[in-house]
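Here is a short report for a reader meeting this chain for the first time. Look over the sequence and the model, then read on.

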Amino acid sequence: MDLTKGKVSTALLKFTMPITLMQILNQAYMVADSVIVARFVNETALSIWSSANNILLIGYAILSGFSGASHIVVGRFYGEQQYDKIKPTVFTLGMAGMALGLVQTVIYLLFSTTVFRIMQLPQEILASCTRLAVIYALSFPLTGLQGAAGAVINGSGNSKMQTTICVSTQILNIVLDVIIIRFFHTGVEGAAWASDFSMLVSCIWNLACASRLLKQKTQAKAYFSPASLKEYLTLAIPTIVQSSVLSFGTMALQVIVNRAGVEYINGYTVATTIFNLLLLPIVATSVGFETFASQNIGAKEMGRVKEGYSFLIKEGLGVCIVLTVIDVFFSGALMAMYSMDPASSGYVFAKLYLLFMIPNFFLQLFKYSIEALLKAHLKMNLFAISSVLSLGCRLIFAFAAEPVIGLSAMAWALLFGTAVSVAYDVYWKRKLAL
């Protein structure tokens, strides 16, 4: 899809709506995965699943950080009509991403238990968490390879194709979850094996679609290009550092929850999963705007970039109002999927956490929108600094306030960190006149 022509609002909506749907369904899979584990195994299994996913965040974050700028680079090539550069660049990033994923798999195999002990995980779930984390980590090489293929699909503006792949494989994953866990009684580890198989299917599908798209534009040969990798790393390293630091910070914050026991681990898992699901329309439209802006910057259509950003904010404010209504009136219904006891301390904590998140919808709108603009202009260092600054403020606030106000410090810390990040982003947007 050529995003450099036509009415700005129409182009943005047509491109971002499939991405939004894809992201929502992707997060809905996470919700479904956790609900299946909680209902068909037990609440302890939910703690095992969430704890394993917490340390997996680092691996996924590094891979996501590595591939995070790839769709922007490909989008620029499309905007500049330099199609012959796409194939060697994507092949190089795919091979590098797969190698990076393989290294991470080995690291998780060797050090997962040590990390869990540092995080003060309850002893009764330590061994199960280690096994689960290792099974999930087997999919890292495929994740790295898929990131490069997805960059071709996204960077070309074909969001519908990517949505089709995502929706189909997530449905496959959910079906496999139910079959393997409920009927074969594999426990929580069945969810991990189902995820690995679905990732294999998704990777093959992405590669096939990316290959077809490239054949339509260029006959250039695919080869490993050290020069392309070196050039790309100047963009990717700040994103990798940012993603990694955020994941380490998330693990550090999890220590506060782990100290409170399994019930609070479950409550925090449910609250953050639902919040992330509600936030996805904002995140997804910002991701779509990155590609829109990168294509138009490549085509020297700066007026369209500014018009698109203005539309993004106006649309986002309406979305935030809708999310607020859902949070206030329907969060209880969403939490009921997990069969949590409404009288339990974990349930009460989750309910309050979600109510605290209402102003965060509006803060996150400005954070993600401005940072999408910064990334489209290849200001990856500013984006990385903003995220690390937000995390630092969040960590300091949470550990300082938790002894005084309890676990509600987790919610207040997120609000404070996001507000600081937004102030930083606004400063640089004005300074650079973006």
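## Surface and overall form

The chain exposes about 17700 Å², and carbon and sulfur atoms supply 68% of that area. Accessible areas come from the Shrake-Rupley method with a 1.4 Å probe, and for residues only the protein chains shown count as cover. This is a predicted model, in which local features need pLDDT of at least 70, side-chain atom pairs count only at pLDDT 80 or more, and totals for chains, interfaces and linings use all residues. Residues are numbered from 1 along each chain as its sequence is written, and side-chain values use heavy atoms, with hydrogens and water left out.

The chain holds 15 helices and zero strands. Both are DSSP runs numbered from the N terminus: helices are H or I with at least four residues, strands are E with at least two. Along the principal axes, the C-alpha atoms fill a box of roughly 60 × 45 × 35 Å.

## Burial and contacts

Of the 434 residues in the chain, 58% are buried. Buried means under 20% relative accessible area, exposed means over 50%, and partly exposed lies in between (1.4 Å probe, protein chains only).

Contact means heavy atoms within 4.5 Å. Take the contacts between residues at least 6 apart in sequence: 84% of them join residues at least 24 apart.

## Helices α9 and α14

Two packed helices are described by the angle between their axes and the distance between the axes. Here, the axes of α9 (residues 226-260) and α14 (residues 380-405) come within 8 Å and cross at roughly 10°. Axes are lines fitted to C-alpha atoms, for helices over the stretch in contact, and angles run from 0 to 180 degrees between N-to-C directions. The two helices α9 and α14 are therefore roughly parallel to each other. Angles under 35 degrees count as roughly parallel, over 145 as roughly antiparallel, 65 to 115 as roughly perpendicular and the rest as oblique.

Residues of α9 that meet α14 include Leu 235, Pro 238, Val 245, Leu 253 and Arg 259. Those in α14 that meet α9 include Met 380, Phe 383, Leu 391, Arg 394 and Glu 402. By class, the contact of α9 with α14 has 15 nonpolar, six polar and three charged residues. Ala, Val, Leu, Ile, Met, Phe, Trp, Tyr, Cys and Pro count as nonpolar, Asp, Glu, Lys and Arg as charged, and the others, Gly among them, as polar.

Ala 210 sits in helix α8 (residues 189-217). At 5% relative accessibility, Ala 210 is buried. Leaving aside residues up to four places away in sequence, Ala 210 touches Ala 149, Val 152 and Ile 153. Leu 142 is 68 residues from Ala 210 along the chain, with 15 Å between their C-alpha atoms.

Gly 308 belongs to helix α11. Its relative accessible area is 0%, so Gly 308 is buried. Beyond residues up to four places away in sequence, Gly 308 touches Val 8, Leu 12, Phe 289 and Phe 292. Gly 157 lies in the loop between α6 (140-155) and α7 (159-184). Gly 157 is buried too, at 3% relative accessible area. Gly 157 and Val 74 are 83 residues apart in sequence and 10.0 Å apart in space, C-alpha to C-alpha.

## Positive phi and exposure

Most residues other than glycine have a negative phi. Which way does phi of Lys 300 go, positive or negative? Phi of Lys 300 is positive, near 65°. Lys 300 lies in the loop between α10 (262-298) and α11 (302-336), and is exposed at 65% relative accessible area.

Ala 433 also has a positive phi, near 55°. Ala 433 falls in the segment after α15 (409-431). At 56% relative accessibility, Ala 433 is exposed. Ser 128, in helix α5 (residues 126-137), is partly exposed at 21% relative accessible area.
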